[in-house]
Amino acid sequence: MSDITVAQTAEIVVAGVVLLQDEEGRYSLSALHLASGAKPHKRPQFWLEKTSTQELINELDTEFKRDLGKSSLEVVVGGNAPGTFVHELLAISYAGWVSPKFQLRVNQVFFGACACCTAQRPYESTSAPTHVR
């Protein structure tokens, strides 16, 4: 009999919204969009259509696929959890495109374990998180 370790990931909550993750640990852009205030002109599809975003995805995939054998972006159509899921670095980049304030909020949540971020978290919500699929 062998020991099996099951990875347990903590919920990542931004502005009261739980960021859904796929099996590979990528984050839902739909959930990030909702956490940002869901402004129609800041929908993930508009960010994904940008040339600079495509260049970033291609560059990250060069490293990500070589090292881990998976893509930094996955689009899931249908099923229990449809949506566009992205590597953490792409999620942060999307947040920066939405607004500098939102990027700081996402950075503080993703990198909250850093000493520089734990001293003060002005964006941390005390309300119950909203689960998004």
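Asp 22 and Arg 26 are both buried, where buried means under 20% relative accessible area, exposed over 50%, and partly exposed in between (1.4 Å probe, protein chains only). Their side chains meet in a salt bridge, at 2.7 Å from N to O. A salt bridge here is a side-chain nitrogen of Lys or Arg within 4 Å of a carboxyl oxygen of Asp or Glu.

The model is predicted: local features need pLDDT of at least 70, side-chain atom pairs count only at pLDDT 80 or more, and totals for chains, interfaces and linings use all residues. Residues are numbered from 1 along each chain as its sequence is written, and side-chain values use heavy atoms, with hydrogens and water left out.

The whole structure holds 2 salt bridges. Glu 24 and Lys 70 form one of them, at 3.0 Å from N to O. Glu 24 sits in the loop between strand 2 (17–18) and strand 3, and Lys 70 in the loop between helix 3 (51–68) and strand 4, so this pair ties together parts 46 residues apart in sequence. Glu 24 is partly exposed at 38% relative accessibility. Lys 70 is partly exposed too, at 21%.

Now the strands. Helices (H or I, at least four residues) and strands (E, at least two) are DSSP runs, numbered from the N terminus. Two strands pair if DSSP finds at least two bridges between them. Strand 5 (residues 83–86) runs antiparallel to strand 3 (residues 27–28), joined by 2 bridges. Strand 4 (residues 73–76) is also antiparallel to strand 5, with 4 bridges. Phe 85 is the bridge partner of Ser 28 and of Glu 74.

Strands 4 and 5 form a hairpin with 6 residues between them. In its turn, Gly 78 has a positive phi of about 80°. In a regular strand, side chains alternate between the two faces of the sheet. In strand 5, Gly 83 and Phe 85 point one way, Thr 84 and Val 86 the other, and all are buried.
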